[in-house]
Amino acid sequence: ILNIVVTTRSTATKGECSVALGLAALAQRNTDITINNLITHREDLPIPLLPGLDLIDFGSTNETDLYSASSSLPRVNHPVNVGSSVADPWRSSVISTKGNGGYPPAPSLASPSHPAPELLRNPDPEATRKETYQWFLNLDTIAISFAPEKEGILFFKHTNYIVESKNRQTTVIRRYSDFWWMHEVLAKRFPFRILPKLPPKRLGADEAFLERRLRGLIRFMNALVRHPVLRKDPLVVSFLTEPVELAIWRKNVVISTEDEFTTRLSNSELLPRQISQSLEKEIESIKKRVPTSIEYYRSMVHVLDRVQKRTEASAADFARYSLALNALADCDKKCHIDECYSCGQLSDGYRKISSHFTQTSQLLDEQARVSQREMIEGLKRHRDLLVSVQELMQRRDLSREGSIAEMMKKRIVSNEAKLKALKTSAETAANAATADSSSAGLYDAQIEKVTNNITSDRAELKILDQRAILQQHTMWMEITYYHKCHTQIAGMYQAFVHDQMKTSQSQHDNWKALSSVVHELPMEVNGFN
């Protein structure tokens, strides 16, 4: 069973453990232990018999927070919660986060009550600065390819994708709708983060569109696992590690869409000091430059794409020329003059030239498929990053929390003035000889109501102010991350130039080797007697 479930690692994720338990239950029921049988019987799986299970203390498991993305940045409540009974391995609420696929439990969204906000204390600015240097270390690489066969019936077939994580050593099957759903949840949970761009969906997609979308999904996932915060989100981890279909997994969990500032707030004076004093100026500068940069990158992608197509066309032309020359060598192998030696020598030369032209075609094809395609993908990665930054700025501009805070401040001032007037009226009524107890009680009730409103508004305003600080800090961190991503541009051009030099050297060597061949061809007129 373990060999079926876990093939490349010495540890099992939570999802793999659940699959193993399900297969064990099938084996105890004398049913063939296959994944297909498990899927078929997933609705009526028996409880596996595990002797000694009652001796294990599951309650003492220490769960760690997968959200520890920044030492100074507060994290949201855990967004994945499993409900139902412990006895069912597919719906277990006892979860360990030690494996790659684990995630800690969270309050269910069905519950109307929310825990009191946690306060972040004493963030260390130096620790934050040091952590930024770790953002681009030990990065994961995601490979995505088409699954061999489409699923569905007739005109409702859909494409499945094989998603492989290099660092986690996991392989899962996902649909495009799974990527779209994850993107939608992350957009709600991280409105002030640089969320990677997802390629579009289209009905009746042809092969060319599917190839473009595949490359877009590869860029999307690799950008996601490179982001210092998003890559540690439990939903992203589960997306890359859960072996079951995501549609089945989603039925057994409760997904929170609360944003990351909802349950943990800052109570430290150090956090605002980390934010650059020129943050607003930097944001305005980025907002002005990004649209123009996006257009330039789109233009560069278009131009280099044309260069690649011309290189592919040149490779195809050299291949066709080589085939024609090789056929000509067969045709002219025997001269009409039996004693002619030069024509046979010329025919042999045709074959050698054809071989070198084939080598030239292969070098050009490799240059187009590898070097130029990687350069185009590198340009698209940075273009997508710029588009994501632009969308982040637009979401920030559309945020209404600043206006809500201002409205609340005005309401507090108005209620304070109203409270002052009520207290004055109450004192006047108390001092009046005609005042009765009923009018005094009426003033007391109004004063208590207004006082409660002021207290409630001040508490909510404090939370809004703390959220505003966290949002500013998040924007500063995202701009810092965006700035550091520019280092990838240098690496992209270095790799491209290196590949061009390598290809040029190979072409030079090929033509140089051909030079000696063509100089051995017969040139004397007297040789063709």
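Predicted model: local features only at pLDDT ≥ 70, side-chain atom pairs only at ≥ 80, totals over all residues.

Biologist: Where does N30 lie?

Modeller: N30 is in the loop between α2 (14–28) and α3 (35–40). Its phi is positive, about 60°, although N30 is not a glycine. Most residues other than glycine have a negative phi.

Biologist: Which residue has a positive phi of about 55°?

Modeller: That's Q169, again not a glycine. Q169 sits in the hairpin of β4 and β5, which has 4 residues between the strands.

Biologist: How many residues of β4 are buried?

Modeller: 5 of its 6, so β4 is mostly covered.

Biologist: What about helix α5, what should its 14 residues span?

Modeller: α5 covers residues 176–189, and at 1.5 Å a residue it should span 20 Å. The end C-alpha atoms are 20 Å apart, which agrees.

Biologist: Which residues of α5 are buried?

Modeller: Y176, D178, F179, W181, M182, H183, V185, L186 and R189.

Biologist: Switching to charges. How many salt bridges does the count come to?

Modeller: 20. One of them pairs E478 with R193, with the closest N and O atoms 2.9 Å apart. E478 is in helix α13 (residues 437–484) and R193 in the loop between α5 and α6 (207–226), so the pair ties together parts that are 285 residues apart in sequence.

Biologist: Are E478 and R193 buried or exposed?

Modeller: Both are buried.

Biologist: Which side chain does D397 meet in a salt bridge?

Modeller: K287, at 3.2 Å, N to O. This pair links distant parts of the chain, with D397 in helix α11 (residues 342–398) and K287 in helix α10 (residues 279–331), 110 residues apart. D397 is partly exposed at 46% relative accessible area, and K287 counts as partly exposed at 25%.

Biologist: How many residues apart are R373 and E377?

Modeller: 4, about one turn of helix α11, where both lie. Salt bridges that share partners join R373 and E377 into one network with R215, R219, D305, K309, R383 and D384.

Biologist: Back to the surface. Which residues form the nonpolar patch that includes I4?

Modeller: I1, I4, I33, I35 and I39, with about 350 Å² of accessible area together. I4 is in helix α1 (residues 2–5) and counts as partly exposed at 38% relative accessibility.

Biologist: Last thing, the whole chain. How many helices and strands?

Modeller: 14 helices and 7 strands. Of the 529 residues, 41% are buried. The accessible surface comes to about 30,000 Å², and carbon and sulfur atoms account for 55% of that surface. Among contacts between residues at least 6 apart in sequence, 75% join residues at least 24 apart.

Definitions and conventions:
Residues numbered from 1 in each chain as written. Heavy atoms only, no water. Helix = DSSP H or I, 4+ residues; strand = E, 2+ residues; numbered from the N terminus. Patch = residues over 30% accessible without salt bridge, like charges linked within 9 Å, V, L, I, M, F, W, Y side chains within 5 Å. Areas by Shrake-Rupley, 256 points an atom, 1.4 Å probe, with all protein chains shown as cover. Salt bridge = Lys/Arg side-chain N within 4 Å of Asp/Glu carboxyl O. Buried < 20%, exposed > 50% of the residue type's maximum accessible area, 1.4 Å probe, protein only. Pairing = 2+ DSSP bridges. Expected span 1.5 Å × (residues − 1). Contact = heavy atoms within 4.5 Å.
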